[in-house]
Amino acid sequence: MTTDSTEQLLVDGLQELYYAEEQLLDALETLAEQTEDEQTSQAFSEHREETKGQIHRLERIFEDMGVDSEPREEPVIDALIQEHEAFSSENDGEVLDRYNMATGQKTEHYEIAAYGNLTSMAEKLGYDEAADLLEQTLREEEEALEEVTESSEQFDRQKISSD
Ligand SMILES: [Fe+2]
């Protein structure tokens with residue numbers, strides 16, 4: 001794949017995130033249903049609702065930039081989801097809860113890197129409104145990461161003290 005400009009890199013990245021967020025909408029529903037820890041399950045559900053707004057923001061950005069809102073396949077997110085499907089088909093209970101927390105963190109780290117880069121590129125290229133919208137989503141992803149990280153640390157502390 002050759003990309004001839006930073007502008008194209010920005011558009012490709014937005015279309016990849018559009019694809020990723022659509023996949024995550026389903027994945028977050030699965031995570032919320034599977035996770036027994038109530039606080040974590042609730043956090044997944046809430047982040048799923050936020051994700052709908054994030055998709056809407058991306059659609060606004062495409063419209064503002066005059067670009068097709070075409071999802072662009074992103075194998076990184078597909079791999080994370082496939083890995084999770086394989087594990088969750090063979091495991092349950094506490095071990096699955098803990099695994100789901102790690103999966104949540106991995107996807108948030110991916111999204112934070114992607115949104116962070118695109119925010120910076122949009123700013124540099126003078127797409128101020130797009131940059132603002134991307135930054136709003138970036139903050140939500142950072143908060144979601146913090147929440148799931150806290151859950152996982154709390155889980156490990158409780159696990160250690162009860163072992
Ligand atoms: Fe997201």
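Q: Which helix gives the most to the lining of the largest cavity?
A: A cavity is a set of points on a 1 Å grid over the protein atoms alone where a 1.4 Å probe fits but cannot get out, and its lining residues have an atom within 4 Å of a point. Helices are DSSP runs of H or I with at least four residues, and strands are E runs of at least two, numbered from the N terminus. H2 and H5 each contribute at least two residues to this lining. With 3 residues, the most comes from H5.

Q: What pLDDT do side-chain atom pairs need in order to count?
A: Residues are numbered from 1 along each chain as its sequence is written, and side-chain values use heavy atoms, with hydrogens and water left out. This is a predicted model, in which totals for chains, interfaces and linings use all residues, local features need pLDDT of at least 70, and side-chain atom pairs count only at pLDDT 80 or more.

Q: What is the volume of the largest cavity?
A: The residues that line this cavity are Gln39, Ala43, Glu147, Glu150 and Ser151. The count of cavities of 30 Å³ or more comes to 1. A volume is the space filled by probe spheres set on grid points that are joined across faces, edges and corners. For the largest cavity, the volume is about 30 Å³.

Q: How many charged residues line the largest cavity?
A: Ala, Val, Leu, Ile, Met, Phe, Trp, Tyr, Cys and Pro count as nonpolar, Asp, Glu, Lys and Arg as charged, and the others, Gly among them, as polar. The lining has 1 nonpolar residue and 2 polar ones, and its charged residues number 2.

Q: Which helix gives the most to the lining of the largest pocket?
A: A pocket is an open set of points with protein on both sides within 12 Å along at least five of seven lines. The largest pocket has a volume of about 240 Å³ and 20 lining residues, with Gln23, Asp26, Ala27, Ile81 and Glu85 nearest its centre. Two or more lining residues come from each of H1 (6–34), H3 (75–88) and H4 (93–124). With 8 residues, the most comes from H1.

Q: How many polar residues are in the lining of the largest pocket?
A: In this lining, 6 residues are nonpolar and 5 are charged. The polar residues number 9.

Q: Which helix supplies the largest share of the lining of the second largest pocket?
A: This pocket holds about 200 Å³ of space. It is lined by 15 residues, with Ala43, His47, Glu50, Ala144 and Glu147 closest to its centre. The elements that give two or more residues are H2 (38–65), H4 and H5 (128–162). At 6 residues, the largest share is that of H2.

Q: How are H1 and H3 oriented, roughly parallel or roughly antiparallel?
A: Axes are lines fitted to C-alpha atoms, for helices over the stretch in contact, and angles run from 0 to 180 degrees between N-to-C directions. Angles under 35 degrees count as roughly parallel, over 145 as roughly antiparallel, 65 to 115 as roughly perpendicular and the rest as oblique. The axes of H1 and H3 lie 10 Å apart, at an angle of about 20°. The two helices are therefore roughly parallel.

Q: How many charged residues are in the contact of H1 with H2?
A: The H1 and H2 axes come within 9 Å and cross at roughly 155°, which makes H1 roughly antiparallel to H2. In their contact, 15 residues are nonpolar and 6 are polar, while the charged ones number 7.

Q: In which hand of crossing does H1 pass H4?
A: H1 and H4 pack at about 160° with their axes 10 Å apart, and are therefore roughly antiparallel. A crossing is left-handed if the near helix is turned anticlockwise from the far one by less than a right angle, and right-handed if clockwise. The crossing of H1 past H4 is left-handed.

Q: Which glycine follows H2?
A: The expected span of a helix is 1.5 Å times one less than its number of residues. H2, with 28 residues, reaches 41 Å from its first C-alpha to its last, close to the 40 Å expected. The residue that follows has a positive phi, near 70°, and is glycine 66.
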